[in-house]
Amino acid sequence: MEFLANIWQWFAGLFTVTPGWMIFGGWMAAGLTLCIYSFLYKDNPFFKVAEHLYLGAGMGWVFQVTFFQTWKPRVWDALMDGQFVVLIPTVLGLSLMTQFFPRISWISRYGFTFIMGYGAGLVIPLEITTNFLRQIGGTIAPFAGGAGFWAMVNGAIIAFGFICVLFYFFFSVEQKGVVKKASNIGIYFLMLYFGAAFGNTVMGRFSLLYGRFDDLYKYSGSGYFYATHVVLGLLVAYFVLDKLVLSKKNGGQEPAH
Amino acid sequence: MKSTLEKFLKIDRRLIFLALAIVLFFPIVRPLGLPNKNLGKDVVNIYNHIESLPAGSFILMSLDYDPATRPELHPQAIALVKHSFRLNHRIGIFTLNAGATGMIEEIAERIPKDIAPAKVYGKDYVIFPYQPKPQAVMTQLGIDMYAIYDKDRNGAPTREMEVMKGIHSVKDMSLGICVTGTALLDAWVAYVGDKYNFPMAGGVTAVSQPGYGPYLQTGQLKGLIGGMKGAADYESLINELDKGTSGIDSLSLAHILVIILIVTSNIIMLVLKYF
Amino acid sequence: MTLIKKQIPLLICFVVGFLTLSSYYVPHPVSEKYMEGINKWENIVFGFAFLLGLLSLFFSHYNKIRRRVPGWGYSIFVYIGFLMMVVPAFVSWGQQLDGASLTSLGWAYRFVFNALSGTMFSVLAFYIVSTAYRAFRIKSPQAAVLFIAALIMIIGKVPLGQMMWDGALGWTNVLVADIVEWLMSVPVVAGRRGIMMGLAVGAIVTALKIIFGIERQYMGKD
């Protein structure tokens, strides 16, 4: 037993984060980031490795968080505490796994119906109160008095646009006359929404890219022994070599981009 | 002429990728220092709301973002924590997104270092563990939060902590803020905000920001921070410029590039069509 | 057998759905007690749900390796990625910080998961630009409205765009940031609210169908 404990201690010791590990971390992060970006030039093994690592790491992360922050305290510790009632939701949760065995997959229905019933029961008040009644209230509110002139004008535009969009969505009968006109105006309001959403999406995506570039810049410093530069250089060298080999093989034909 | 324009329209997209990479990277190496003016109204509203709370108010922060949206949302969360601590409010942090636990630990690591070194864990703030079913947590928060959060993320009992004094459910708190790249804010508005008449505010990505207009108009949300621009606005308000503000230079150049590209391609299309 | 395989699960769905819905609207100690119990249980049940995704990922990549399909070697990295998170987690017993310093789990998050996940999503920025160049065409009045709204947002959200606007249209005394604010708080609200209401009606109907057992696709085939 002591022997096993010693081995574990030695093993755990390997995982102590030293300053060297932090520098290696910079190399790891810069390497993985650039491996994924290399796909922008063309598909390659480095990207595929990083892509598969991502799938596994994502699942691994959720697994360990759920293990240590839910299963252990909510199930294991509760059972040790004598709260055997937690066995019921645990069995319901585990019943979901029978999905993988067609002969007994019906057992998973117990878990699924438990989740679906709860979800459906809660979604109704969300939609009725928050997304339906409160929205109608919000549309009427500017006309209830107390609002200034411009607030009334804006309120009128919102109410008008909102009704037109509803015409577009809800009238499945043949649209003609006033209904068609209102529905057409509704489309313009939707386009304004989609246009604003697109403009914001552009900004959002750039922000994410900026974040990664900022990290790459950090790892390009001398503190990390120029990790970004070196990895980038190696990737470029790989693509140059790959191109040379490829051009020898089939006369330089590359798939179009 | 026509064939040249057509070629230009079908330019190798890798050249566009390269152009974007250059315009985004350049200001990181050589900051332009563009001023971030015209602060968003909804951002100012959150700031004012937090300012208006009496010292010692309990603010609940649900930080539900993961690395995928980190550059936009992490600066927002840090600015909110800094502001709340500066006004001596109490903070309870948790997440309903497993991927966010690392982000929260990063904040936990920074609080004693540079965010608010004077603040004490357990007295001024507490961090709860991740829980998997958001609706279950939200509905429970209005009844008795200790049914789910009886222990903090390290297993210490929370009920006796000084920071939790007088706190039993959201009804005893002053403000809830959800920072997320998912649709969780909608659920917060419904299950906590609307149900208990509890003031809610949000921090979201630029992508989802336009979707919250209706909640802001009805007052279901007291304010909203949207994307990196929102983070930069908040940093300006609390006068602590950080990662949100430093990204504005890069965003500026990249936006101009997009405008040039869209306008150019449309002009080329018109020329090809009518000339 | 139909009773056990079908009717009891449907009854569970109905009972749980009905009680949850009514408890939401009836503030009573009994309903609060019910909600407290079901909330705790749901948390645990849902905690196991992600295992479905995990196991199906593992099975599919295990099959790729077993059958030696082209590119099977990459599948090994799915397991390596998983272990890169889980092994440090068990070594540091789920703790990411040890006092003020990082544990191996914190390291794995910061340098592996953060880099992989953040980069994967940021790649979209490149494609949005090239798509905007190649496909964002004004071919109809509706597209023109969409284009103008997008353009105003792109210009009005950043300082350089605001400066350009001031240079070209400063004489109008209208700030582009004000137009952005108006756009976001008036027409966008109208458009979004319409969509919201459409979705709300659909969601309510679907939820009722689930509670009453009319919608049961999620249960799979008999």
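The structure is a predicted model.

**Stop 1: chain B as a whole.** Select chain B and orient the view along its principal axes, where the C-alpha atoms fill a box of roughly 80 × 35 × 30 Å. Of the 275 residues in chain B, 57% are buried. Among contacts in chain B between residues at least 6 apart in sequence, 75% link residues at least 24 apart.

**Stop 2: the domains of chain B.** Colour residues 2–30 together with 251–274 as domain 1, and residues 57–241 as domain 2. A distance drawn between the C-alpha centres of these two domains of chain B spans 39 Å.

**Stop 3: chain B against chain C.** Next, display the 48 residues of chain B that are in contact with 49 residues of chain C. On the chain B side, the elements giving two or more residues are helix 2 (13–29), helix 5 (101–115), helix 6 (134–141), helix 8 (213–218) and helix 10 (243–274). Select helix 10 of chain B in particular, as this helix gives the most to that side, with 13 residues.

**Stop 4: chain C against chain A.** Finally, select the contact formed by 100 residues from chain C and 99 residues from chain A. On the chain C side, highlight helix 9 (residues 187–211), the source of the largest share, 17 residues. By class, the chain C side that touches chain A comprises 75 nonpolar, 19 polar and six charged residues.

Key: Residues numbered from 1 in each chain as written. Chains lettered and ligands numbered in written order. Predicted model: local features only at pLDDT ≥ 70, side-chain atom pairs only at ≥ 80, totals over all residues. Domains from an automatic or database assignment. Buried ≥ 20, exposed ≤ 12 C-beta atoms within 10 Å, placed from the backbone. Contact = placed C-beta atoms within 7 Å. Helix = DSSP H or I, 4+ residues; strand = E, 2+ residues; numbered from the N terminus. Nonpolar A, V, L, I, M, F, W, Y, C, P; charged D, E, K, R; others polar.
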